[in-house]
Number of protein chains: 2
Amino acid sequence: MSKDIASHRLHAQLIGQPGSRDWLNTPALILDLAAFERNVARMADFARKHGLALRPHAKSHKSADIARAQIAAGAVGLCCAKLGEAEALAAEGIDGLHLTSPVVTPPAIARLAALSRRLTSLSVVADHPAAVAALASAAQGGLPLTVFVDIDPGIRRTGVATANDAVTLARLIADCPSLRYGGVQFYCGAQQHIQNFAERREAIAERTRYLSKYLADLAAAGLPPKVVTGGGTGSHAIDAELGVLTELQVGSYIFMDREYAECDLDGGGAMPFETALLVDARVISANTIGLITIDAGLKAFATDAGPATIIAGAGDDARYRFMGDEHGAVMGTDLPGLGARITLGTPHCDPTVNLYDAYHVINGEDLVAIWPVTARGRSA
Amino acid sequence: MSKDIASHRLHAQLIGQPGSRDWLNTPALILDLAAFERNVARMADFARKHGLALRPHAKSHKSADIARAQIAAGAVGLCCAKLGEAEALAAEGIDGLHLTSPVVTPPAIARLAALSRRLTSLSVVADHPAAVAALASAAQGGLPLTVFVDIDPGIRRTGVATANDAVTLARLIADCPSLRYGGVQFYCGAQQHIQNFAERREAIAERTRYLSKYLADLAAAGLPPKVVTGGGTGSHAIDAELGVLTELQVGSYIFMDREYAECDLDGGGAMPFETALLVDARVISANTIGLITIDAGLKAFATDAGPATIIAGAGDDARYRFMGDEHGAVMGTDLPGLGARITLGTPHCDPTVNLYDAYHVINGEDLVAIWPVTARGRSA
């Protein structure tokens, strides 16, 4: 720990100095402040305009600073994927947290109960009666804990798989004095990255018709959900148009990685969000024609979504490929020499952020802030 | 930072308590102490028997505790891939460090000079005259810095690409009063994971014949390298047989991931090393026949080398697949229920370790120690 803090301190001395970006140790995770702020404002405006609650997903950024910026722009709170993320954000004063994964083991439920005592608003999902019973027991004597019924959108990851199970679970939650029935969660993860807008729209519309059957059965049982939470950066415009979700769990819009940059997000062709998350790297070997080696490899980028993109520092035809844990190759016809800086876009933002301890927040060539990745590594 | 320490403290209370492994927050990185200690001893014995210096690669483990165990067993020091790794280990008192990647930018060379002042032994590689000149200039007035000529084994990542360039660079180093010529580095990364032993042996033998031309030219120029450092877990037995390397940079042997477990390491058929690195996960959803969801996804395992393996907790036919950032699926005919523990082997150890803050060191079902991943995230 002490070493990471020391490294932050070293960079902290650079804050506010003109041209200080060039003195960062590389690879360095970079956040373009102006682009980030425009992204935050645009999604907040979109949600407001469409009467949707905005509860951005903290699993993308794991940052208390970013959570505060989202809340300041109008978010009702944050989603967290893991209990550890929620604990880390709560310790930094972030409230209004919703856990999007079931919490089921005794140690995890004990942590959840402790967390609920320090927040004014905490909700969690459940997809099994045994988990609801355990939550009810843990919540006794504390504040009411809000529980959502998690509905499986068909990928068999988490969630109930029938409308009947949804009604049973909602009734179980509503009947527990120590629990509050919050509504339902329905997250269509598999559809978010369909590149073509019309195809993505049809896929989301089909899944939303599927969801409507659950909502009708819940209403018929006297358990209509007040909140229907779900959606992502890829579906937000479609979800707003369809009008079934009441709350958006969008995450990646603040950063825009290569996966989302390749999608037409709102059917308008022009991208409503900008690439704000970057990695600065350096050329450390240049002994080959048409190829240079940079200091950013598969410990610098998540590898689940293909290669990083070259944003600046090399010719237009330059492309990146992984060269092992510590190195990457940049290939092209117009390449810089030893020591030069190359700026890259991330292939998949969430797991890339999770590799770093801090965002280096920049305004052009100047480091203006360092924001810790508050919940880095809090996968438990 | 404070949150991670808090989380360590929580687990620290479990150390020495019988059955405490079952109370770890999951996913948890697990080190099987007995298997790890046998691996450390076996490689140390192997190197001793073959008259080879052993300088294990810290990029695999990033741990001061593991470095100390390797040195206690006879290692001459450690390799580090990045300056940040070396700084973090040096801060914990580890000496005898060799940097296996070129250090070329002014901020990095300034850090290297500072590091050299606090160690009795530090070496680095170079593959370009400009980098040698910069190192020489930075080392003036300090202790002599040892520099190795990095030779490209043909993958065009780092290293000189001709014997002529190797002689030029060696002479440049030897002629600098502030530098010491340490020898050459030759790491055949691409050949380490060839599964069939005979094929791997032939590939390494061919590359070693290629290296011999460099060594002959260096000797003819009056610059025979005292140390020829390289090799990995996949080639260590072959390197020892060929007798050209004088020092082994093995890393993964302490852990044994799936990639190496699928190789015949010494041509004997029986695996000389044991799987010591594990991840404990928990079932968080079980609503589907033949599939359960665990809390370990692509933030819990590196994704560059295929799926994790199921070690314990499910039937023999159980297999894992990634289900997004936070989740994994375990599919099979004999699966446990909600909350059950599943133990997995890692697909690729180095970048998996880099996702976690600490090893949970276990003896069977008991947590016996927590070892921080000292240099986690020190990719710069």
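This is a predicted model: local features need pLDDT of at least 70, side-chain atom pairs count only at pLDDT 80 or more; totals for chains, interfaces and linings use all residues.
Residues are numbered from 1 along each chain as its sequence is written, and chains are lettered from A and ligands numbered from 1 in the order in which they are written.

**Where the chains meet**

- In this interface, 61 residues of chain A are in contact with 61 residues of chain B (in contact means that the C-beta atoms, placed from the backbone, lie within 7 Å).
- On the side of chain A that touches chain B, at least two residues come from each of α1 (2-12), α4 (83-91), α6 (129-139), β10 (277-288), β11 (291-294) and α11 (349-353) of chain A (helices are DSSP runs of H or I with at least four residues, strands are runs of E with at least two, and both are numbered from the N terminus).
- The most is given by β10(A), with five residues.
- By type, the residues of this side of chain A are 25 nonpolar, 20 polar and 16 charged (Ala, Val, Leu, Ile, Met, Phe, Trp, Tyr, Cys and Pro count as nonpolar, Asp, Glu, Lys and Arg as charged, and the others, Gly among them, as polar).
- The copies meet through the same surface, because 100% of the interface residues of chain A are also interface residues in chain B.

**Backbone spots to look at**

- Most residues other than glycine have a negative phi, and most peptide bonds are trans.
- The peptide bond from T26(A) to P27(A) is cis, with omega near 0 degrees, and P27(A) sits in the loop between α1 and β1 (28-32) of chain A.
- In chain B, the bond from T26(B) to P27(B) is cis, with omega near 0 degrees.
- M256(A) is a residue other than glycine with a positive phi, near 60 degrees, and you can find M256(A) in the loop between β9 (247-248) and α10 (258-261) of chain A.
- M256(A) counts as buried, with 25 C-beta neighbours inside 10 Å (buried means 20 or more other C-beta atoms within 10 Å of a residue's own, exposed means 12 or fewer, and partly exposed is in between, with C-beta atoms placed from the backbone).
- K62(B) has a positive phi near 55 degrees, lies in the loop between β2 (53-54) and α3 (64-72) of chain B, and is buried with 27 C-beta neighbours inside 10 Å.

**Helix α4 of chain B**

- L89(B) belongs to helix α4 (residues 83-91) of chain B and is buried, with 26 C-beta neighbours inside 10 Å.
- Leaving aside neighbours within four places in sequence, L89(B) is in contact with residues including A58(B), L78(B), I94(B) and T374(B).
- The axes of α4(B) and helix α5 (residues 106-118) of chain B come within 11 Å and cross at roughly 25 degrees (axes are lines fitted to C-alpha atoms, for helices over the stretch in contact, and angles run from 0 to 180 degrees between N-to-C directions).
- α4(B) and α5(B) are therefore roughly parallel to each other (angles under 35 degrees count as roughly parallel, over 145 as roughly antiparallel, 65 to 115 as roughly perpendicular and the rest as oblique).
- The residues of the contact of α4(B) with α5(B) are six nonpolar, no polar and three charged.

Notes: Two residues are in contact if their C-beta atoms, placed from the backbone, lie within 7 Å.
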